[in-house]
Amino acid sequence: MTAIAQPRILDTRSLSVSLGGRSVLSDIDVRLTPGTLIGLIGPNGAGKTTLLRALAGLARPASGEVKLDNRDLTEWPRAALAKHIGYLPQDRAIHWPLSVRRIAGLGRLPHLDMWQRASADDERHIARALHQADVEHLAERPVTSLSGGEQARAAIARLLAGEPTVILADEPTAGLDPAHKLRVLELMRSLAAEGRIVVVVLHDLTLAARYCDRLLLMADGRLAADGAPGQVLTHAALAASFGLGAKITHEDGALVVLPWSWTDKPVPRL
Amino acid sequence: MTQALPFQPSAPLAESLRREMNPALLLGALAGLLLVLIAASLLIGRRSGEAASLMTLFDTDPQTAWLILSEVRLPRTALTVLVGATLGLSGAVLQGLLRNPLAEPALLGASSSAALGAVIMFYFGISGTLAIALPLGGMAGTFLATALLFVLGGRAQDTLTLILAGVAINSLTAALTSLALNFAPNPYAALEIIFWILGSFADRSMEHVWLALPPTLIGWAFLLSAGRALDALTLGEDIAATLGFDIPAVKRRAIIGAAFAIGAAVSVTGVISFVGLVVPHLLRPLVGYRPGRLLAASMFGGAALMTAADIGVRMVDTGLELKVGVVTALIGAPFFLHLLMVLRRARA
């Protein structure tokens, strides 16, 4: 199996998405490029998940467009797009007690024809993914018998087994212990450095500041800020978008954002 | 986030029956079992001891023996295989698609609505003049019911919505079937309909087989094509979509497949419930819980169970004919209750 070409750009133009008649995303213009880890932050209900779903081709734009390498997602052949895009949703529910290895194997489906069996090459990718997500030792266990954090890592193994060139991960660190949080974000950063477009939704602002080279701050369905962590994570921006008062310090050259108080300055959206 | 699953072994049954088997070995074993059962079904008649007598009849009166074999036993056996495979396969597909182990054609109203479609054809005398009308009516009924089911409970994965949707569809078809019975021209017509709905393979001819075969094969093709998508759906609809599967198209194909296969099956045999529930459930551990691998196994398993059940009702010496649909319901309903309780315990 030859590796598919790395994409150069995933971008949106005046993207708006409505869910159930309510506007959830409005007028988003964003250019996502490979090489750096991109963090998507913002308060609950800001539209992070919807933006990620729109980038994955799952949420249909009400207006505007999402393009991968200058081709609208809707114009991509389904099978070709599936080889590029790896989407990790927040909902990690797995519906049958398959083994972790088999779950990871499902990530290879975009690379198999209808009746084709997994090849030695597929097995190699599955083994690599299990190693990267640190679930090798759980490979033969039914995934439903694992703890929440272990299931989350199995989901990451599934994501990585497909060798996606675009990774869209919704809170990949949710439910993980602190050490595994660091491992997963380091992994995401190295995947980005290898030439993939990697976007991760994060709630931990310190982790976001430390591992991401670029942060997209969302509030009320709009892009409130886009830039390096130092530019985005300011007292003013945190107060305006999160209603958060934070202590912002530096530790070993990295930004540490400690949530400290809340204000109800911005009217929270229900 | 973590969802407990209902399939953890509930009681210490034979451990070997819960472990994954080599797929080729499993299919080979099921096919072998089916062949033995087919042979038995061809030889065993209504009363025990007939097997031996049919063998002796070949020596004394080969013509009659052939007649019994080809006109009575062959169509009956062919239908048990076709219908059993259909029920096992469609149960496995519905369970995979809805990610719910309680999905079953009869429980979800697909079978009863096929029966209603056939009853309507029967009732208005259309089936008398046009034989194909019966399976067509059955298919139309299943198609409507399955489509309605996906509208009502397809997106929501919780068991309750799904079962309630099935209850609603079943009540509606029951009401309409009752209406037909209410206005039946004479008690004999009503009785005929009732007996037919109970589900049986007795007194079917090769004509029934030829009527059911084409739509059944078409339905199987549609249902089997869902295999890979069902594997992907283990991870939910969003991930399955990003893995390259057109989920609405998969659902459409499953509805069409179920309509063809179940519509055809029910229109020649009446309603046979719970085979589609029991067979995938028993075989699932043996295929390592992979929804795609379960399909072929459930086909063979369904055919084997159906054939065995039909042999069973022939061997039991009751005065009146014991309908096989009654037997599967008698065994299946407690099984369903058991499954429901295991599921509740697992979720608690």
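**Where chain B meets chain A**

The contact draws on 27 residues from chain A and 23 residues from chain B, in what is a predicted model. On the side of chain B that touches chain A, the elements giving two or more residues are α10 (227–233) and α11 (237–242) of chain B. The largest share of that side comes from α11(B), with 4 residues. Sorted by class, the side of chain B that touches chain A holds 10 nonpolar residues, along with 7 polar and 6 charged ones.

Stepping back to chain B as a whole, the fold is built with 15 helices and 0 strands. The radius of gyration of chain B comes out at 20 Å, close to the 20 Å that the globule rule gives for 348 residues, so chain B is as compact as a globular protein of that length. Laid along the principal axes, the C-alpha atoms of chain B fill a box of roughly 70 × 50 × 35 Å. As for burial, 50% of the 348 residues of chain B count as buried.

For a closer look at one spot, T318(B) sits in the loop between α14 (291–315) and α15 (324–347) of chain B. T318(B) has 7 other C-beta atoms within 10 Å and is therefore exposed, since the cut-off for that label is 12 or fewer.

Note on methods:
Residues are numbered from 1 along each chain as its sequence is written. Chains are lettered from A and ligands numbered from 1 in the order in which they are written. This is a predicted model: local features need pLDDT of at least 70, side-chain atom pairs count only at pLDDT 80 or more; totals for chains, interfaces and linings use all residues. Two residues are in contact if their C-beta atoms, placed from the backbone, lie within 7 Å. Ala, Val, Leu, Ile, Met, Phe, Trp, Tyr, Cys and Pro count as nonpolar, Asp, Glu, Lys and Arg as charged, and the others, Gly among them, as polar. The radius of gyration is taken over C-alpha atoms; the globule rule is 2.2 Å times the number of residues to the power 0.38. A residue is buried if 20 or more other C-beta atoms lie within 10 Å of its own, exposed if 12 or fewer, and partly exposed in between; C-beta atoms are placed from the backbone.
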